Amino acid sequence: MVEPPDNSIERLSKNLSLPTGEGIVVDIGTGDGLFVYQCARRNPKKFYIGIDANPRPLERISEKIHRKSARGGLPNVLFLQAAIEDLPAELNGVADEIHIHFPWGSLLRAVATGDEVALRNLRRLCVPGALLEIIVGLDAERDRAELERLQLSQFSVDRIDSVLIRGYCRAGFEITESGERLPADWPDLQTSWARRLQHSSNRSLIYFIARAVEFA
């Protein structure tokens, strides 16, 4: 079987997850690290970096990756503690892919409002042409308190098209695709949050994909 070309976007609409190949993948807001761990097992030619401001959920899986391979260890995974506002300079220009799945708190506000400072922090991690995938899963009622705290209106595809395209462009990203899925249609995202939230009938899943370009 012929391996798909590195960072091909042909199947993004179906998978919401970039196909296998070589390169460095950064997962920001990685939570318990399950997405990084599962993807690293399936794609041994890629190197995965999971980043989260809160290291506690990562303690168990961080210990696991250093075991022998027969016991679940993985040599192509690294976990780091950092917030989107303070991403390590050592990662500048290394990322072929950046994933942000089910952001919350300041990370949600940054990507949902198109905060230029935060987005430029993401952009400096990217190689030219790198792909950025963002998946937001919100329930307008259950998440109302958090949305009000962050001063966010309900997130939608229309907001991406009418507001975020310009903001992301100023930060060096071209949004190339956006859409919405119902929980029943969610693909296997290999994240703990996806498994917990997919049975919420009122929760929408909005995704968009951008490519790193020259700054506007």
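**Figure 1. Phe 102 occupies the loop between strand E4 (95-101) and H4.** Helices (H or I, at least four residues) and strands (E, at least two) are DSSP runs, numbered from the N terminus. The model is predicted, so local features need pLDDT of at least 70 and side-chain atom pairs count only at pLDDT 80 or more, whereas totals for chains, interfaces and linings use all residues. Residues are numbered from 1 along each chain as its sequence is written, and side-chain values use heavy atoms, with hydrogens and water left out. The phi of Phe 102 is near 55 degrees, a positive value in a residue other than glycine. Most residues other than glycine have a negative phi. Phe 102 is buried, with a relative accessible area of 9%; buried means under 20% relative accessible area, exposed over 50%, and partly exposed in between (1.4 Å probe, protein chains only).

**Figure 2. Gln 151 lies in the loop between H6 and H7.** Gln 151 is another non-glycine residue with a positive phi, here near 60 degrees. Its relative accessibility is 72%, and Gln 151 therefore counts as exposed.

**Figure 3. Phe 155, Tyr 168, Phe 173 and Phe 208 are linked by ring pairs into a cluster.** A search of the whole structure finds 3 aromatic pairs. Rings of Phe, Tyr and Trp (its six-membered ring) pair if their centres lie within 6.5 Å; planes under 30 degrees apart count as stacked, over 60 as edge-to-face and the rest as tilted. The pair of Phe 155 and Phe 208 is tilted, with 6.4 Å from centre to centre and 40 degrees between the planes. Phe 155 belongs to the loop between helix H6 (144-149) and helix H7 (157-170), and Phe 208 to strand E7 (residues 204-212), so this pair ties together parts 53 residues apart in sequence. Phe 155 and Phe 208 are both buried. Tyr 168 and Phe 208 form an edge-to-face pair, at 5.4 Å centre to centre and 90 degrees between the planes. Because Tyr 168 lies in helix H7 and Phe 208 in strand E7, this pair ties together parts that are 40 residues apart in sequence. Tyr 168, like Phe 208, is buried.

**Figure 4. Helix H7 has a kink of about 55 degrees centred on Leu 164.** The bend at a residue is the angle between axes fitted to the seven residues ending there and the seven starting there. H7 has 14 residues and spans 19 Å from its first C-alpha to its last, close to the 20 Å expected at 1.5 Å a residue (1.5 Å times one less than the number of residues). The buried residues of H7 are Val 157, Ile 160, Leu 164, Gly 167 and Tyr 168. An α-helix has 3.6 residues a turn, so residues three or four places apart point the same way. The cover over the buried residues of H7 includes helix H4 (105-113), helix H5 (116-124), strand E5 (126-138), strand E6 (173-181) and E7. Just after H7, Gly 172 adopts a positive phi of about 100 degrees.

**Figure 5. The largest nonpolar core contains 42 residues.** A nonpolar core is a set of buried Ala, Val, Leu, Ile, Met, Phe, Trp, Tyr and Cys residues joined through side-chain atoms within 4.5 Å. Ile 98, Ile 100, Leu 122, Leu 132, Phe 155 and Tyr 168 have the most contacts inside this core. E5 supplies the largest share, 7 residues. Beyond its neighbours within four places in sequence, Ile 100 is in contact with Ile 28, Leu 107, Val 111, Leu 122, Leu 132, Glu 133, Ile 134 and Ile 135 (contact means heavy atoms within 4.5 Å).

**Figure 6. Phe 47 is located in strand E2 (residues 46-52).** Its relative accessible area is 29%, and Phe 47 is therefore partly exposed. The C-alpha atoms of Phe 47 and Val 26, 21 residues apart along the chain, are separated by 8.6 Å. With neighbours within four places in sequence left aside, Phe 47 is in contact with Gly 23, Ile 24, Val 25, Pro 75, Asn 76, Val 77 and Leu 78.

**Figure 7. Helix H2 (residues 34-42) is mostly covered, with 7 of its 9 residues buried.** The buried residues of H2 are Leu 34, Phe 35, Val 36, Tyr 37, Gln 38, Cys 39 and Ala 40. In the protein chain, 52% of the 216 residues count as buried.
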